[in-house]
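Please read the briefing below alongside the sequence and the coordinates.

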Amino acid sequence: VSTIRETLKEIIPERQALLKQIKSEHGAKTLGNVTVEQVVGGGRGIKFMLWDPSVLDAEEGIRFWGRSIPECQRDLPTAPGGQEILPEAMFWYLLTGKVPTAEQTKQFQEELVSRSELPAHVEKVLDSLPKTLHPMTQFVIGVAALNHDSQFAARYKAGMKKAEYWEPALEDSLDCVAKSFTIAARIYLHSYKDGAANMAPVDKTKDLSANFATQIGFGDSEGFVELIRLYNSLHTDHEGGNVSAHTTHLVGSALSDPFLSYSAALGGLAGPLHGLANQEVLRFILGMQKELGDSPSDEQIVQYIWKTLNSGQVIPGYGHAVLRKPDPRFAALREFGNKHPETANDPVFRMVDSLFKVAPGVLTEHGKTKNPFPNVDAASGSLLYHYGLTQFPYYTVTFGTSRAIGALSQYVWDRALGLPIERPKSLSMEAILKLVK
Ligand code: AMX
């Protein structure tokens with residue numbers, strides 16, 4: 001069985017040659033003009049960054065190395081007896097663009113799980129934080145502290161050649177993903193249980209999601225374990241321009257190691273317009289349930305949405321900077337909820353479905369958002385909630401374990417392709433006025 005290192009070693013020269021060809025044959029061509037509106041409007045639509053593992057189409061949603069979500073669900077390995085994509089298989093796929101065999105997946109899973117234990121100093125740091133510190137802040141700190149053992153940083157200091165960068169970048173990235181799951185579990189026990197002193201040891205025969213579920217006390221629920229696998233596969237990557245992916249790429253371009261780069265990204269994921277939206281969605285849904293009861297009419301929901309909009313708040317889980325149709329990640333999570341009888345009849349999940357029926361119409365009539373449809377965050381929280389993970393300030397942490405997989409896959413490629421430090425041009429208002437005169 002070829003390992004992830006051997007597989008990458010084989011592919012990297014081909015991709016390096018392709019980039020060289022793109023630069024030499026097409027380097028002087030333009031990919032569109034940049035308008036003043038784009039410069040002052042968050043860079044929306046500017047084609048700016050190289051990002052290989054996924055490309056987002058505004059109409060059909062994300063494709064990972066050319067495969068749509070249903071195609072990934074069809075082609076990528078699951079756990080034995082399971083139905084959902086294994087995040088480990090997704091990680092291999094995002095790193096290589098090749099579907100791993102069952103054997104490769106098993107070996108890769110074992111390698112990741114064997115890396116998932118935390119250094120003592122990280123455990124100590126995490127356990128010393130106030131229990132009331134937001135779980136995402138704890139996550140930022142835990143991942144940053146892993147940089148103590150960064151192979152990339154150590155080898156850079158020792159004078160590593162540029163052609164070798166990708167190798168310790170890969171080692172650190174595997175560590176970062178594997179240990180993120182354990183950090184996430186530790187944060188949960190620290191914040192919401194009696195602490196992590198008695199956390200279950202890692203079971204090397206099980207996958208990362210099953211271990212995580214066991215460590216936080218939900219390991220007996222096969223439905224929950226499968227949800228965690230799906231959740232962690234779906235949230236991995238959403239091309240490069242979103243805040244968390246872009247941050248990893250930007251910070252990494254300064255040759256900061258994967259831990260520092262991804263820790264910075266988690267700070268962005270913790271923003272309410274990005275990953276924190278899934279916590280906000282649940283707060284919104286529970287507020288609605290409290291006011292309207294378990295089975296409100298469509299008309300009651302419409303009134304509730306208007307009330308929220310008129311008070312100047314956004315409808316969390318709706319809208320997107322790029323997408324203009326319902327998010328296929330939302331569709332996959334909704335399908336999961338509908339196919340399992342226990343979730344299908346859950347009142348909070350049903351509420352998500354009822355909201356989906358009417359919210360696009362209201363948001364269209366409201367006329368502000370360019371996309372009145374649900375994004376990934378609209379459904380995910382209600383499913384976690386159903387299985388008993390009711391502490392919604394924690395939800396973005398599970399987004400964070402997943403996003404590490406996609407953002408760090410590109411981090412490895414950034415180093416393999418020798419991409420330079422990122423440094424786009426900024427302009428003052430006076431400079432803009434001078435240029436457009
Ligand atoms: N409810 C109410 N108003 C909304 C809205 C929503 N769900 N989505 C967008 N709008 C408003 C914007 O606030 C903006 O109003 P303004 O002109 O007064 O500032 C206007 O519509 C135009 O915005 P846009 O161009 O459609 O969106 P954007 O690209 O600027 O922002 C996003 C995209 C996701 C931040 C925005 O749709 C939003 O705030 N959604 C709610 C929060 C959310 O679900 N975030 C999660 C996104 C997915 C993720 O990263 N996890």
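This is a predicted model: local features need pLDDT of at least 70, side-chain atom pairs count only at pLDDT 80 or more; totals for chains, interfaces and linings use all residues.

Residues are numbered from 1 along each chain as its sequence is written. Helices (H or I, at least four residues) and strands (E, at least two) are DSSP runs, numbered from the N terminus. A residue is called buried if 20 or more other C-beta atoms lie within 10 Å of its own, exposed if 12 or fewer do, and partly exposed in between, with C-beta atoms placed from the backbone.

**Ligand shell**

- There are 21 residues around the ligand, and those that come nearest are Ala277, Val314, Gly319, Ala321 and Thr369; a residue is near a molecule if its C-beta atom, placed from the backbone, lies within 6 Å of it.
- By class, this shell holds 9 nonpolar, 9 polar and 3 charged residues, where Ala, Val, Leu, Ile, Met, Phe, Trp, Tyr, Cys and Pro count as nonpolar, Asp, Glu, Lys and Arg as charged, and the others, Gly among them, as polar.

**Strands 1 and 2**

- Strand 1 (residues 54-57) and strand 2 (residues 61-64) run antiparallel and are joined by 4 bridges, pairing being assigned if DSSP finds at least two bridges between two strands.
- A hairpin of 3 residues links strand 1 to strand 2, and Val55 has Arg63 in strand 2 as its bridge partner.

**Helix 5**

- Helix 5 (residues 102-114) has 13 residues and spans 18 Å from its first C-alpha to its last, close to the expected 18 Å at 1.5 Å a residue, the expected span being 1.5 Å times one less than the number of residues.
- Its buried residues are Gln104, Thr105, Phe108, Gln109, Leu112 and Val113. Because they cover an arc of only 155° around the axis, they lie on the same side of helix 5, the arc being that of the directions from the helix axis to the C-beta atoms.
- The buried residues of helix 5 pack against helix 1 (4-26), helix 4 (87-96), helix 9 (166-192) and helix 10 (208-215), while the face turned away from the buried side carries the exposed residues Glu103 and Ser114.

**Helix 12**

- Helix 12 (residues 243-253) is mostly covered, since 9 of its 11 residues are buried, among them His246, His249 and Leu250.
- These buried residues of helix 12 pack against helix 13 (258-269) and helix 20 (395-416).

**Loop residues**

- Trp65, in the loop between strand 2 and helix 3 (69-75), has a positive phi of about 40° although it is not a glycine, and Trp65 counts as partly exposed because it has 16 C-beta neighbours inside 10 Å.
- Glu239, in the loop between helix 11 (222-234) and helix 12, has a positive phi of about 50° although it is not a glycine, and Glu239 counts as buried because it has 21 C-beta neighbours inside 10 Å.
- Leu417 lies in the loop between helix 20 and helix 21 (429-436). Leaving aside neighbours within four places in sequence, Leu417 is in contact with Arg15, Gln16 and Leu19, contact meaning that C-beta atoms, placed from the backbone, lie within 7 Å.
- Leu417 and Leu19 are 398 residues apart in sequence and 7.7 Å apart in space, C-alpha to C-alpha.

Methods: Two residues are in contact if their C-beta atoms, placed from the backbone, lie within 7 Å.
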